[in-house]
Amino acid sequence: MQKKTKEKKPKRKKGLLNSNFFVILLLLVTVAVVAINRYDNEHKSKIHVDVDKNLVQETTQEEETQNKISIFVYDPATRTVNEREITVPRQMNLIEGDFINGIIRNSNYITEDMKFRSAYNLRIDNVNTTVVKLNASFANLKKDAELYNGFSQAVTNTILKNFPNIQSVLIQIDGETNTR
């Protein structure tokens, strides 16, 4: 009986590249990551920015037109309410408070403790009315009727001019009760 002998085929030796392809690939990726990390660390303080000069000019012109508002300010020396143009920080919507704060900042007889509280719109007796709330420190201003009336007129003129849908302005001071 003949024994079948297995003939062993000689094993082909795999090339160094074939047998270690995955290891070589990982090694190359690791070297690339280390190189990129070192480059980033060396250049992290350098940022290159290109600015379109036309865009900057358009934005500046747009900011200038949106920042200017018209207010009225009472001048106690001449006893008149004068219109004045002021600038305010750029915003999407200008509200009554922006105008009133402008009046307060530009009135030399207003003290630092006098603050604007809020403004809201109501429909009172079928009339669109803006109610302006001021803090209790304005009660001191009310003691001088001439100054208070001038300030009130400046607020009223400013609101009526800049908000055409408003027909009346009511000024309230904290701590006071208004009866109609």
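This is a predicted model: local features need pLDDT of at least 70, side-chain atom pairs count only at pLDDT 80 or more; totals for chains, interfaces and linings use all residues.
**Entry 1: the chain as a whole**

I began with the secondary structure and counted six helices and five strands. Going along the sequence, I wrote down the order as α-α-α-β-β-α-β-β-α-α-β. I then looked up burial: of the 180 residues in the chain, 26% are buried. The exposed surface comes to about 14,200 Å², and carbon and sulfur atoms supply 53% of it. For contacts I took residues at least 6 apart in sequence, and 55% of these contacts join residues at least 24 apart.

**Entry 2: helix H4**

I asked myself how many of the ten residues of H4 are buried. H4 covers residues 96–105, and eight of its ten residues are buried, so the helix is largely enclosed by the rest of the structure. I listed the buried ones: Glu96, Gly97, Asp98, Phe99, Ile100, Gly102, Ile103 and Ile104.

Next I looked up what covers these residues. The cover includes four strands, S1 (68–75), S2 (80–87), S3 (116–124) and S4 (127–134). It also includes two helices, H5 (138–142) and H6 (145–162).

**Entry 3: H4 against H6**

I took the pairing of H4 with H6 by itself. The two helices pack at an angle of about 145 degrees, and their axes are 10 Å apart. The crossing of H4 past H6 is right-handed. On the H4 side, the contact is made by Glu96, Phe99, Ile100, Ile103 and Ile104. On the H6 side, I noted Phe151, Ala154, Val155, Thr158, Ile159 and Asn162. Sorted by type, the residues of this contact are eight nonpolar, two polar and one charged.

The spacing of such a list has a background reason: an α-helix has 3.6 residues a turn, so residues three or four places apart point the same way.

**Entry 4: Thr158**

Phe99 and Ile103 belong to the buried residues of H4, while strand S1 spans 68–75. Thr158 has a relative accessible area of 0% and is buried.

**Entry 5: aromatic pairs**

I searched the whole structure for aromatic pairs and got three. I wrote up two of them, starting with Tyr74 and Tyr109. Their rings are 6.1 Å apart centre to centre, with 75 degrees between the planes, and the pair is edge-to-face. Tyr74 is in strand S1 and Tyr109 is in the loop between H4 and S3, so the pair ties together parts 35 residues apart in sequence. Both count as buried: Tyr74 has a relative accessible area of 6%, and Tyr109 has 12%.

The other pair I wrote up is Phe99 with Phe163. The ring centres are 5.4 Å apart and the planes stand at 80 degrees, over the cut-off of 60, so this pair is edge-to-face. Phe99 is in H4, and Phe163 is in the loop between H6 and strand S5 (168–173), so the pair ties together parts 64 residues apart in sequence. Phe99 is buried at 5% relative accessible area, and Phe163 is buried at 13%.

**Entry 6: where Phe99 turned up**

Phe99 came up in several of these look-ups.

Note on methods:
Residues are numbered from 1 along each chain as its sequence is written. Side-chain values use heavy atoms; hydrogens and water are left out. Buried means under 20% relative accessible area, exposed over 50%, partly exposed in between (1.4 Å probe, protein chains only). Contact means heavy atoms within 4.5 Å. Accessible areas come from the Shrake-Rupley method with a 1.4 Å probe; for residues, only the protein chains shown count as cover. Axes are lines fitted to C-alpha atoms, for helices over the stretch in contact, and angles run from 0 to 180 degrees between N-to-C directions. A crossing is left-handed if the near helix is turned anticlockwise from the far one by less than a right angle, and right-handed if clockwise. Ala, Val, Leu, Ile, Met, Phe, Trp, Tyr, Cys and Pro count as nonpolar, Asp, Glu, Lys and Arg as charged, and the others, Gly among them, as polar. Rings of Phe, Tyr and Trp (its six-membered ring) pair if their centres lie within 6.5 Å; planes under 30 degrees apart count as stacked, over 60 as edge-to-face and the rest as tilted.
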